[in-house]
Amino acid sequence: MAPTLYEWMTPQQADEALGRFVAERAPALQRLRALLLLDQDRAPDTLLDGTLDSVAPVWEWITGRCAELGVARETLEDDPTRDSWPSWARHGKLVDPHPPARTLALLDGFVSYLAEVIVAAVPGARWRIGEHRISDHPLLNYPVLATEHHQLFLPALPLYSAYQSAHGRDPMDGAEMLAHTRRTIAALSSAGPGAAEEPPVSVVAEVDCFDVGLRADIVAQHPALVERLVAELVDRDGVQSVHRYGATALVVDVPDWDELRLKLWLTLWLQRHLP
């Protein structure tokens with residue numbers, strides 16, 4: 001039986017999942033240091049120096065490894081390594097063809113390192129269960145790094161980028177990951193809530209399609225980016241059509257995806273590309 005997705009957890013299950021996630025942080029970072037030791041060109045104490053600027057070269061190294069490792073040979077259902085994955089991968093929404101266990105271990109180490117860098121810049125940030133007044137908010141029940149006004153599921157964008165690498169698409173480079181980290185630090189350091197408190201997209205399953213709503217400020221402030229979003233979504237495997245029937249509304253025909261997969265893809269794409 002597949003582990004329960006974060007989205008469907010009870011409060012008790014979410015609390016237990018948070019405990020597992022936090023307990024995995026230190027061992028994951030130790031494994032990353034050990035992997036770097038095997039690379040003769042990389043000294044872990046030099047590369048993992050805890051500075052913000054180190055995020056870019058660390059991520060570039062990991063991205064290169066993810067591209068080499070490609071995708072797993074087995075499906076999610078048949079993958080014998082699944083029990084060894086980090087808990088965030090077991091409880092998260094992965095789809096086939098998926099990255100192999102070695103890639104997930106690299107990402108897990110990077111998540112731990114990224115958390116250390118962010119917490120050094122924002123000492124008040126803490127791990128907690130994602131919560132929101134909106135019942136289907138994309139971070140609900142996830143283990144998030146959070147302050148009073150912002151919360152972030154750290155594995156999300158690294159995993160998104162690893163899928164890009166594994167499938168021969170354009171992954172996030174070091175400069176992009178560094179920029180994302182800077183935005184995260186700024187958001188966690190913010191003194192008050194903003195538009196980011198509302199989810200960037202909503203997805204509702206209709207008969208034979210999905211009704212997608214984009215947050216109004218994104219459409220108003222970044223119209224060219226929305227056009228790019230539509231163009232790239234149409235190019236995804238399995239997407240048959242995307243029709244924009246209003247300023248903030250899309251109809252997406254993608255028979256092999258479910259509501260959660262589409263919402264995650266749209267959310268992560270926007271997280272990557274929004275300035």
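Student: What should I know about the model before we start?
Tutor: It is a predicted model, in which local features need pLDDT of at least 70 and side-chain atom pairs count only at pLDDT 80 or more, while totals for chains, interfaces and linings use all residues. Residues are numbered from 1 along each chain as its sequence is written, and side-chain values use heavy atoms, with hydrogens and water left out.

Student: How many aromatic pairs does the structure hold, and why is the pair of tyrosine 6 and tyrosine 142 called tilted or stacked?
Tutor: The structure holds five aromatic pairs. Rings of Phe, Tyr and Trp (its six-membered ring) pair if their centres lie within 6.5 Å, and planes under 30 degrees apart count as stacked, over 60 as edge-to-face and the rest as tilted. The ring centres of tyrosine 6 and tyrosine 142 are 4.6 Å apart and their planes stand at 40°, so this pair is tilted.

Student: Which parts of the chain does that pair link?
Tutor: Distant ones: tyrosine 6 is in the segment before α1 (11–23), and tyrosine 142 is in the loop between β1 (126–129) and β2 (143–146), 136 residues apart. Helices (H or I, at least four residues) and strands (E, at least two) are DSSP runs, numbered from the N terminus.

Student: What makes the pair of tyrosine 6 and phenylalanine 153 edge-to-face?
Tutor: The distance is 6.1 Å centre to centre, and the angle between the planes is 70°, which falls in the class for planes over 60 degrees apart. This pair also links distant parts of the chain, since phenylalanine 153 is in the loop between β3 (151–152) and α7 (156–166), 147 residues from tyrosine 6. Tyr6, Tyr142 and Phe153 form one aromatic cluster.

Student: How do you know whether tyrosine 6 and phenylalanine 153 are buried or exposed?
Tutor: Buried means under 20% relative accessible area, exposed over 50%, and partly exposed in between (1.4 Å probe, protein chains only). Tyrosine 6 has a relative accessible area of 0% and is therefore buried, and phenylalanine 153, at 9%, counts as buried too. Tyrosine 142 is likewise buried.

Student: What makes arginine 25 a charge over the ring of phenylalanine 21?
Tutor: The term requires NZ of Lys or CZ of Arg to be within 6 Å of the ring centre and within 35 degrees of the ring normal. Arginine 25 lies over the face of phenylalanine 21, at 4.2 Å from the ring centre.

Student: Why is the link between serine 54 and tyrosine 113 called a polar contact?
Tutor: A polar contact is a pair of N or O atoms within 3.5 Å; within protein, one must be able to donate a hydrogen and the other to accept it, and residues adjacent in sequence count only if both atoms are side-chain atoms. The side chains of serine 54 and tyrosine 113 make such a contact at 2.4 Å. Serine 54, in the loop between α3 (44–47) and α4 (55–69), is at 4% relative accessibility and so counts as buried.

Student: What about aspartate 49: buried, partly exposed or exposed?
Tutor: Aspartate 49 is at 42% relative accessibility and therefore counts as partly exposed. Aspartate 49 is found in the loop between α3 and α4 and, leaving aside neighbours within four places in sequence, is in contact with Ser54 and Tyr113.

Student: How do asparagine 141 and aspartate 208 stand in accessibility?
Tutor: Asparagine 141 has a relative accessible area of 12% and so is buried, whereas aspartate 208, at 69%, counts as exposed.

Terms used
Contact means heavy atoms within 4.5 Å.
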